[in-house]
Structure formats: C-alpha cells, structure tokens
Amino acid sequence: MKIINRLSFFAALLALPIIYSTGFVASGVVGCGSGSLVDDTVDNTTVSTVAGSGDEGSADGSGYEATFDKPDGVTVTDEGEMYITDAGNHEVRKIEEDGTVSTTAGNGEAGYADGSAETAQFSSPDGITVDSNGDVLVADTGNNRIRKISTDGEVTTVAGSGDAGSSDGTGTDAQFNTPAGITVDSSDNLYVADEGNNVIRKITPEGVVTTFAGSGDATFQDGTATEAAFDEPHGIAVDMSDNIYVTDTGNNRVRQITAEAVVTTIAGDGTAGFANGAAESVKMDSPHGIGVDASGNVFFADENNNRIRKISTEGQVTTYAGDGTEASTDGQGASASFKKPRGVAVGWYARNEGVYVCDYGNNKIRKVKSNQ
C-alpha cells in the first residue's frame with residue numbers, strides 16, 4: 001500500500017491551471033486524496049453506496065454484504081483503498097478497491113490495548129489518516145489518545161496519556177480531550193482537532209505535541225495561533241501547501257489555518273441553519289468531516305442538514321449532494337439522501353475519484369461522483 005506522493009503530484013499539478021482567490025490555495029490533501037471536482041450544483045453529481053447493508057453490525061464481506069455501526073471517519077489511499085473508523089464497533093475497517101470490507105484492527109470491544117491488530121482495543125475512534133510510510137493514524141476519541149497501526153499490523157500509542165486534559169509534551173506525557181479529526185502534512189506532522197479542548201494540536205514525527213492554534217476558550221475569534229478561538233473543532237484536512245481546513249462545529253463555520261498558524265473564516269455566518277451563497281453569508285448546522293481537492297475546493301459534511309456542501313475557490317458555497325431529508329437514497333445529487341453524514345475524504349485517482357462519505361446514521365459508506 002502507498003499513499004499520494006506529494007512531490008510527484010506537485011510536479012504534475014504545475015501543468016494544471018492555477019486558480020487564485022482570497023483565502024484558498026490551489027492544492028490537494030494527503031490522507032483524504034486530492035483532485036479537482038468542479039461541480040457546482042447537485043444536478044452534476046451521482047451518489048452511490050460503496051459498502052454497507054444499512055443494518056447495524058460488524059460483518060466483513062463484499063459491498064452490501066458488509067455491516068458497520070456508526071462509521072465516523074474515512075481516508076482514501078492512491079491505490080483506491082479506504083480506511084474507516086467504525087466507531088460503534090470500536091474497530092478500524094478497510095475497503096479494497098473492489099469493495100471488499102475487512103477489519104484492520106480492533107477486537108470489537110471498547111477498551112484500550114496496544115498490540116497485534118486482532119487483540120488491540122479502541123474506544124469510539126473518529127478521525128483517520130495515512131502517513132508517507134503507509135501507517136494508519138487514528139484519533140482514539142474515547143481513550144484520549146492518538147494511535148498508530150503500522151504496515152505490519154501492530155497497534156501502538158503515538159501520543160496521549162489517556163487522561164482528559166490539555167498538556168503539551170512528548171508522546172504519552174501529552175494530554176488530549178476527545179480528539180476528533182486528524183490529518184498529516186507534507187513533513188509527516190500530524191494535526192489533531194482536539195475537540196474537547198477547543199484547540200488544534202500538532203504532533204511532530206518525533207512525537208512532540210504542541211498547541212498549534214486556539215486559545216482553549218469555546219468561542220469564536222480569528223487571529224494567529226493561540227489568539228484565535230474555536231468551539232468544538234471536529235473535521236480537519238490539509239492541502240499541498242500545508243494549509244489546514246477545520247470544521248468549527250460549535251461555531252457553524254469552516255476555518256482555514258495557514259502553515260504560519262494564521263486562522264481565518266472561509267465560510268459560515270455562525271448561525272445554525274441552511275443557506276447557500278457567498279461564503280460569509282451562508283448557514284450550516286454542525287459541520288463535521290472535511291476534505292480538499294487539488295484546485296482548493298473544500299467539501300464538508302453538513303451533518304444536521306443531511307447534505308454534502310462545497311466551498312469553491314471563488315468563495316461560493318453550494319450543495320454538492322443531498323436533498324436534506326434523513327434517508328438513504330442513491331441517485332442524482334439533487335434527489336439523493338443521507339442521514340447524519342460525518343466523515344469526508346476526497347479521492348482523485350481515476351479509480352477512486354469522488355467524495356467519500358461516512359453516512360453515520362445509515363451505517364453505510366457512500367460516494368459522490370462528478371458527472372462532468
């Protein structure tokens with residue numbers, strides 16, 4: 001297994017037309033795939049079910065034969081594989097390119113244990129990503145830890161003592177409070193949406209944990225590093241220029257953090273509701289997972305609106321898929337339906353191009369594909 005080679009992809013990206021606009025960079029995202037998905041309306045997309053019968057369970061198998069229990073986070077590799085945090089089953093699952101679902105790690109019982117994939121334990125895992133070595137990184141939310149599943153199947157703890165807190169430090173000396181989204185940059189630094197602490201944390205490859213952005217106060221403020229403020233940040237993604245995108249769930253906004261830790265708001269007026277249009281005037285309700293394509297378009301799961309939304313590089317917010325009802329209908333984007341969509345990943349290779357969604361309430365993994 002391998003993931004996107006950022007250097008070779010960047011070289012290829014130079015051949016593409018560059019799109020400039022305030023607050024956005026034309027680039028992609030590791031661990032959530034990348035690519036340019038140009039649709040602006042739901043009439044230009046098709047929603048399909050990749051895996052999951054809809055029944056609550058933990059059965060491996062092919063496509064609709066498999067079952068999940070509250071799938072929460074998703075990441076896509078360049079080989080067309082997906083990794084899913086199956087929160088209700090306390091497991092990490094894998095979906096092959098052909099739709100075959102297997103269990104990567106976790107014995108299905110809520111708890112904490114490192115070791116072999118079959119005996120390891122997680123507690124309501126959420127965010128997930130893959131680093132340049134092919135190792136899978138998981139935000140083990142219920143355990144307040146960041147875990148790693150190596151390519152040989154061993155599960156270890158990268159950071160977090162397990163006690164809820166907000167201490168910086170190295171490895172297990174650090175503390176988190178319900179860590180949610182996780183992503184990785186071009187230097188294999190991890191970034192974690194530390195939801196309970198209302199901050200974004202950074203973990204170096206050496207395991208050093210620091211607070212990258214956020215004062216810790218549950219409020220709203222743009223600014224630099226700890227001058228900024230979040231309210232229950234949840235989803236997180238990074239682009240090719242190492243800009244970070246965050247769903248600021250409690251503030252009903254989407255935020256951007258530059259590599260220099262400058263925090264700005266790129267969409268949402270802060271009011272819970274539903275409205276498309278110019279980024280600063282739109283409304284969302286509990287934004288959750290997030291991904292970025294190669295042109296800088298941002299996609300996020302608008303959980304309580306049961307929709308997948310898009311923020312274009314021009315700063316316009318549209319509905320990418322979903323009619324707003326709580327249901328499970330495949331088909332054209334305008335008539336398709338979701339139930340509490342959460343995790344989002346963007347795949348860009350021909351075999352996995354599309355926006356992948358953890359349809360949490362339907363216990364399914366869905367795909368939104370461009371028709372253009």
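The model is a predicted one, in which local features need pLDDT of at least 70 and side-chain atom pairs count only at pLDDT 80 or more, while totals for chains, interfaces and linings use all residues. Residues are numbered from 1 along each chain as its sequence is written, and side-chain values use heavy atoms, with hydrogens and water left out.

Begin by selecting Gly73, Gly127, Gly181, Gly289 and Val344, which are the closest to the centre of the largest cavity among the 17 residues that line it. A cavity is a set of points on a 1 Å grid over the protein atoms alone where a 1.4 Å probe fits but cannot get out, and lining residues have an atom within 4 Å of a point. The largest cavity holds about 140 Å³ of space, a volume being the space filled by probe spheres set on the grid points, which are joined across faces, edges and corners. Strands that give two or more residues to this lining include strand 13 (179-184) and strand 18 (233-238); strands here are DSSP runs of E, at least two residues long, numbered from the N terminus.

Select strand 18 next: 6 of its 6 residues are buried, so it is largely enclosed by the rest of the structure. Buried means under 20% relative accessible area, exposed means over 50%, and partly exposed lies in between, with a 1.4 Å probe and protein chains only.

Which residues of the loop between strand 17 (223-224) and strand 18 deserve a selection? Ala225 is found there, and its phi is near 55 degrees, a positive value in a residue other than glycine. Glu232 also has its place in the loop between strand 17 and strand 18, with a positive phi of about 55 degrees although it is not a glycine. Ala225 is partly exposed at a relative accessible area of 22%, and Glu232 counts as partly exposed at 40% relative accessibility.

**Aromatic rings**

The whole structure has 2 aromatic pairs, where rings of Phe, Tyr and Trp (its six-membered ring) pair if their centres lie within 6.5 Å, and planes under 30 degrees apart count as stacked, over 60 as edge-to-face and the rest as tilted. Select Tyr191 and Phe212, whose ring centres are 5.2 Å apart with planes at 70 degrees, so the pair is edge-to-face. Tyr191 lies in strand 14 (residues 190-194) and Phe212 in strand 16 (residues 208-213), so the pair ties together parts that are 21 residues apart in sequence. Both Tyr191 and Phe212 are buried.

Move on to Phe299 and Tyr320, with ring centres 4.9 Å apart and planes at 65 degrees, so this pair is edge-to-face. Phe299 is buried, and so is Tyr320.

**Charges over rings**

Finish with Arg201, whose charged end sits over the ring of Phe176 at 4.9 Å from its centre, and with Arg253, which lies over the face of Phe220 at 3.7 Å from the ring centre. A charge sits over a ring if NZ of Lys or CZ of Arg is within 6 Å of the ring centre and within 35 degrees of the ring normal.

Notes:
Helices (H or I, at least four residues) and strands (E, at least two) are DSSP runs, numbered from the N terminus. On a 1 Å grid over the protein atoms alone, a cavity is a set of points where a 1.4 Å probe fits but cannot get out, and a pocket is an open set with protein on both sides within 12 Å along at least five of seven lines; lining residues have an atom within 4 Å of a point.
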